[in-house]
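I opened my notebook beside the viewer today and kept track of what I looked up. Here are my entries, in the order I made them.

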Amino acid sequence: KARRDQINAEIRALRDLLPLPDGDRPRLSYLHVMALACIYTRKGTCLRPGPARGAPMELLGGPELADLVASL
């Protein structure tokens, strides 16, 4: 039970870190929280900063993108 309580606390903390409106967070199930966390993690992996500071993000290309699509 202690382990389950620890996991639930971590999932609640992760839910609070998601960039969502405060009204939407309490309605998310634990599965939704985990799925959204994975999506945001993948998004951070798929996008890289542009060459100049403050430049828009650019998508991966070539072999990097092919490897990512193959793994998904």
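I began with a term: a salt bridge is a side-chain nitrogen of Lys or Arg within 4 Å of a carboxyl oxygen of Asp or Glu. By that rule I found four salt bridges in the structure.

Some notes on the source. I am working with a predicted model, where local features need pLDDT of at least 70, side-chain atom pairs count only at pLDDT 80 or more, and totals for chains, interfaces and linings use all residues. Residues are numbered from 1 along each chain as its sequence is written, and side-chain values use heavy atoms, with hydrogens and water left out.

**Overall layout**

I looked up the secondary structure and found three helices and two strands (DSSP runs numbered from the N terminus: helices are H or I with at least four residues, strands E with at least two). From the N terminus on, the order is α-α-β-β-α. Of the 72 residues, 17% count as buried (buried is under 20% relative accessible area, exposed over 50%, partly exposed in between, with a 1.4 Å probe and protein chains only).

**Helix α1**

I then listed the buried residues of α1: Asn8, Ile11 and Arg15. They sit on the same side of α1, because they cover an arc of only 60° around the axis (taken from the directions from the helix axis to the C-beta atoms). An α-helix has 3.6 residues a turn, so residues three or four places apart point the same way. On the other side of α1, I noted Ala2, Arg3, Glu10 and Leu17 as exposed.

**Arg25**

Is Arg25 buried or exposed? Arg25 counts as buried because its relative accessibility is 16%. I placed Arg25 in the loop between α1 (2–17) and α2 (30–46). Leaving out residues up to four places away in sequence, Arg25 touches Arg15, Asp16, Leu18 and Leu20 (contact means heavy atoms within 4.5 Å).

**Salt bridges**

Arg25 also pairs with Asp22, at 3.0 Å from N to O; Asp22 is exposed at 61% relative accessibility. Arg27 and Asp24 meet at 2.5 Å, N to O. Here Arg27 is exposed at 64%, while Asp24 is partly exposed at 31%. Asp5 bridges to Lys1, with the closest N and O atoms 3.1 Å apart.
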